[in-house]
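Q: I am new to this structure and would like a close look at a single part. Please keep it brisk.

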Amino acid sequence: AAQPDPAITEVHDFNKLLGDGVDRRPYGMPSKYEKHVVRRDVGWLTASAESSVNFTPLHELDGIITPSGLCFERHHSGVAEINPADHRLMINGLVEKPLVFTMEDIKRMPRVNRIYFLECAANSGMEWRGAQLNGCQFTHGMVHNVMYTGVPLKVLLDEAGLKPNVKWLMLEGADAAGLNRSLPIDKALNDVLIAFAMNGEALRPEQGYPLRAVIPGWQGNMWVKWLRRIEAGDMPWQTREETSKYTDLMPDGRARKHTFVMDAKSVVTNPSPQAPLKHKGRNVLSGFAWSGRGTIKRVDVSIDGGRNWGTARLDGPILDKSLTRFYVDFDWNGQEMMIQSRAIDDTGYVQPSKPELRKIRGVNSIYHNNGIQTWLVRANGETENVEIS
Ligand code: MTE
């Protein structure tokens with residue numbers, strides 16, 4: 001270099017002084033230089049912090065796993081703090097043998113490890129009527145991707161013995177909301193887990209410690225946290241969470257119900273409003289794609305608002321119902337760009353544009369907005385949430 005670089009030529013404290021010894025932090029935390037990497041909320045969205053949501057900082061992540069401390073939180077009545085010794089899971093209703101499990105009982109049953117995304121049905125819900133929030137953390141951050149350890153629900157149901165007329169289950173939480181949802185029995189017997197660990201350690205309190213339901217590919221509201229009861233029945237329960245909430249109000253005023261699956265979706269996380277472009281020349285565009293129906297087959301990226309598309313490079317494990325990482329390695333010459341990404345899953349489903357989605361769904365809904373996101377990158381690298389009509 002023409003000028004000496006103090007980062008190289010100066011002797012820093014860390015070069016000459018001993019650092020902290022082992023055990024200074026028995027539970028490790030990120031570097032102090034990463035303090036900005038946190039979940040954030042949007043003050044005006046909700047009336048109280050107990051019935052609220054904060055958002056995963058997607059633009060600060062890489063790979064496909066969301067660190068436990070950065071998983072967005074959505075609580076209807078705050079975080080229940082439960083001593084696992086006092087926690088019970090009850091199975092009752094149309095079963096041969098009603099059962100009660102302690103946490104120790106559950107941990108002695110055969111367990112599996114699976115990586116799945118959880119997306120709140122309301123993710124991107126604030127964007128139905130137009131571009132609103134400036135940052136992928138806020139437009140798309142009601143999603144996280146975690147490795148769960150848990151017992152297949154089928155194992156527990158087999159032990160209780162389902163009566164032949166069982167068609168639905170009701171899952172209920174132990175929090176003050178007593179959040180409950182109806183779950184079709186086919187799904188319950190297929191891939192649902194009762195999880196006690198995430199990313200290799202106990203669930204975090206915010207994520208339902210000590211026990212939560214994992215409903216792969218289906219809307220986050222059904223992933224009951226602090227799970228205390230499963231009732232078997234022959235009809236859906238029509239709970240608040242599946243009638244007045246988590247239904248999709250259509251343009252003609254009727255509501256779609258039981259829209260459980262999260263369709264294919266993607267977002268460019270870098271660049272994005274919270275992560276502007278800073279350098280001309282070599283750059284990495286990056287993002288996530290996911291589908292509740294299976295695996296991601298392809299991600300297309302456009303820099304001219306959807307007129308022309310190229311194919312992104314998928315990297316890392318490409319797993320069923322998991323976030324998938326994509327990259328485009330590119331040279332930026334300072335030109336203005338309208339960046340979009342479009343996910344295609346292994347059923348052939350193609351993520352729709354927002355106008356395509358609104359043609360069918362209108363703008364009355366809060367839930368299931370999987371329309372293509374547009375970021376306008378200006379010549380100075382600043383990036384904005386915009387829409388192309
Ligand atoms: N379970 C209980 N018992 N109470 C809740 O408030 N919130 C639901 C679901 N499970 C909730 C719950 C909603 S709306 C979502 S989107 C997910 O949990 C959020 O999971 P997370 O907090 O791990 O991100």
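Which atom of the ligand does a polar side-chain atom of arginine 212 lie by, and at what distance?

A: An oxygen atom of the ligand, at 2.8 Å from a polar side-chain atom of arginine 212. This is a predicted model: local features need pLDDT of at least 70, side-chain atom pairs count only at pLDDT 80 or more, and totals for chains, interfaces and linings use all residues. Residues are numbered from 1 along each chain as its sequence is written, and side-chain values use heavy atoms, with hydrogens and water left out.

For glutamine 207, a polar side-chain atom is 3.0 Å from an oxygen atom of the ligand. For histidine 144, a side-chain N or O atom is 2.9 Å from a ligand oxygen. The protein buries 100% of the 530 Å² that the ligand exposes when taken alone (Shrake-Rupley method, 1.4 Å probe).

Now the wider shell. The ligand is surrounded by 21 residues (each with a heavy atom within 4 Å of it). The closest are Phe72, His76, Asp175, Arg212 and Lys225. By class, the shell holds 8 nonpolar, 7 polar and 6 charged residues. Here Asp, Glu, Lys and Arg count as charged; Ala, Val, Leu, Ile, Met, Phe, Trp, Tyr, Cys and Pro count as nonpolar; the others, Gly among them, are polar.

How values were computed
Polar contact = N/O pair within 3.5 Å; in protein donor to acceptor, adjacent residues only side chain to side chain.
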